[in-house]
Amino acid sequence: MDITTPIRGIKGVGAKTEQLFQKTGVYTVGDILLRFPREYAKYPVPIEIDNAVAGAKAAVILHVENPAVVKRARSMQITICIGSLGSTQMEFIWFRMPYVRNSLIKGQTYILYGSVQDKNGRLTMEQPSIYTPSQYEALSDTLQPIYSLTTGLTNNLYKKTLHQIFDQSILLKEYLSVETREKYELTEYNYAVSQVHFPTDFDSLTKARRRLVFDEFFLFILSIQMQKEHGRKIENQYQIPCENLLEPLLDKLPYQLTNAQLRVLSEIQKDLQGPYIMQRLIQGDVGSGKTIIAFLAMYLVSSSGCQSAIMAPTEVLAAQHYETFSQYCELFGIKAHLVLLTGSMTAKQKRRAYERMQLFSDAMIIGTHALFQEKAVYDSLALVVTDEQHRFGVRQRETFSLKGQSPHILVMSATPIPRTLAIILYGDLDISVIDEVPARRLPIKNCVVGTSWRPNAYEFIRRETAAGHQAYVICPLVEASEHAEGENVIDYCEKLKQALPPDVEVAFLHGKMRSDMKNRIMESFAANEIQVLVSTTVVEVGVNVPNATVMMIEDAQRFGLAQLHQLRGRVGRGDAQSYCIMMNTSDSKDSGKRLDVLNKTNDGFQIASEDLKMRGPGDFFGIRQSGSLEFQLADIYQDAGILQDASKEAQRILALDPKLELPEHEGLRMKIEQYSSRQSERLNL
């Protein structure tokens, strides 16, 4: 057995289990080794019920005196077991887990691990994990890995499979030199991989994580720098004339563009007319007006008789871009040929889109990843605009080049990244910044509150929906977990349905849902058929809903400041005053201090800088903080120092050996090839 062995080759993994692993992206032994835990659980010393304190995670000793009972509330089964010691009682609750009743035997003692809450003066613990005293003792001094799973695949099976692999001493090839490891205090590769899965202690985990974070940044930077050298100075085949084309349009706008927008437009026009193709990143805070810039750039290309395409991360957003572009065309009196192309369109609709793409050489094409499809044939494609969720590397550009000449590239990002880090992360792109928000936007009113304020928040949401507005509620988890702490969208949705009037439609949304279902939910929310949407951070980059005025974020302290700012940007897009309620469920002073930064400012770049300053080395227990670039462990704010180290080392090696041809870089060259191959597979190229 080696790292290329299919996961089916491991004892205990049959055909059905193999399919479950494959749903999580695990096909081989190497895949599972390099798919790291999303967080860890550390088990505290067990306490008696009368020592439990609301607001803390605890391991409570339960002496079962009365059998657990199963009740039905609406469409959900709820299992309840009452524990007591002296005058103190605690209610243990499990949602949709009726089988738990058989796990709690009268007269036996168990350790129940979970979050203690105070509900109407009664101590409760929802969805606690159940252990016998001996089982708990074996876990109490360890950091237990918790993995992102799919339905039917348990955390215990995941760990058991990994243990079997480590027991057989299957090794990954070390590709960093001893010199590099010593210079940056990096542990050996196999040691890091084993310790990140099953850490001996916190110190070992910290060292393992540092090595693997360095790897993620290092390979990413090496890849884009090598791509940059390969494709940076590409001759401009489409020198677009821009003189005096935009002034008549800008005069028709019902508002004035900000100075920052005008500056970025000027930079784009200069690129389009320059000797080399444009490869530019527009960094603009939430609501800074990037979409109108994208439209105007595409209009310039269309006016010259060439095609342009904009790729959105979701079908709902693509459809919304299409509607917005149609409105701009009407406002400006432009007779443009707009084409929409998405994956879920019928065969007939796609055929019609393909025909229009070939018929109109000046078409403005809006779509999703369907723009890459083999049948999507372009005629003089001169500009591609893309969202950061589909970061555009040389491989994607080459794909489009096969459909025509090398197009200009414009990448839009709403993630506020300090310029020093942006230069490293987007090293193959020129950077423009829109650092002003249109004056017509009302500033969002913010508040950071504790759990005792939750009923007031529900009442506030009720009033806003009664006034015809809508609300988002963000939870950190998809569903209740035996290990992870925090509110989950599925159970929270049920709670809100009970707390709000029956005429308020409440629905949930999360990343594990099928794409067509997610699209339907977002379309219904955009149409105000759903008034309250309970969601994970999947809405962080999403459809524009100007009618949404409330963003409520549960367990806000678990998110990074930059991500909270992104979520807050989902509201405040219309004329009505909007609000952001951040629910702090922690007693930590540091959590309160961090969240207070958001309370005081709506400036994303200032928030990003503060985020950078305030992160600590112990912050990685919980949700990964920045979601803009798809690293498994690395966080561009928390790990900024490692990012800079990785950048220095990448520059040093490429200066010495630009194509990694030296014998000592053979392992690194192979690793880069594997990395590039995985990135291509992820992008379905």
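The following questions and answers concern a predicted model.

Student: Are the buried residues of H19 on the same side or on opposite sides?

Tutor: Ser 591, Arg 594, Leu 595, Val 597 and Leu 598 are the buried residues in H19. They cover an arc of only 130° around the axis, so they lie on the same side of H19.

Student: Which residues are exposed on the other side of H19?

Tutor: The buried set in H19 includes Leu 595 and Leu 598. On the other side of H19, the exposed residues are Lys 589, Lys 593 and Lys 600.

Student: How many residues apart are Glu 487 and Arg 454?

Tutor: Glu 487 and Arg 454 form a salt bridge, with their closest N and O atoms 3.9 Å apart. Both Glu 487 and Arg 454 are buried. Glu 487 sits in the loop between strand E18 (470-474) and helix H16 (489-499), while Arg 454 belongs to helix H15 (residues 454-466); the separation is 33 residues.

Student: Is Glu 649 buried or exposed?

Tutor: Glu 649 forms a salt bridge with Arg 652, the closest N and O atoms being 2.8 Å apart. Arg 652 has a relative accessible area of 29% and is therefore partly exposed. For Glu 649 the relative accessible area is 0%, so Glu 649 is buried.

Key:
Residues numbered from 1 in each chain as written. Predicted model: local features only at pLDDT ≥ 70, side-chain atom pairs only at ≥ 80, totals over all residues. Heavy atoms only, no water. Buried < 20%, exposed > 50% of the residue type's maximum accessible area, 1.4 Å probe, protein only. Helix = DSSP H or I, 4+ residues; strand = E, 2+ residues; numbered from the N terminus. Arc of directions from axis to C-beta. Salt bridge = Lys/Arg side-chain N within 4 Å of Asp/Glu carboxyl O.
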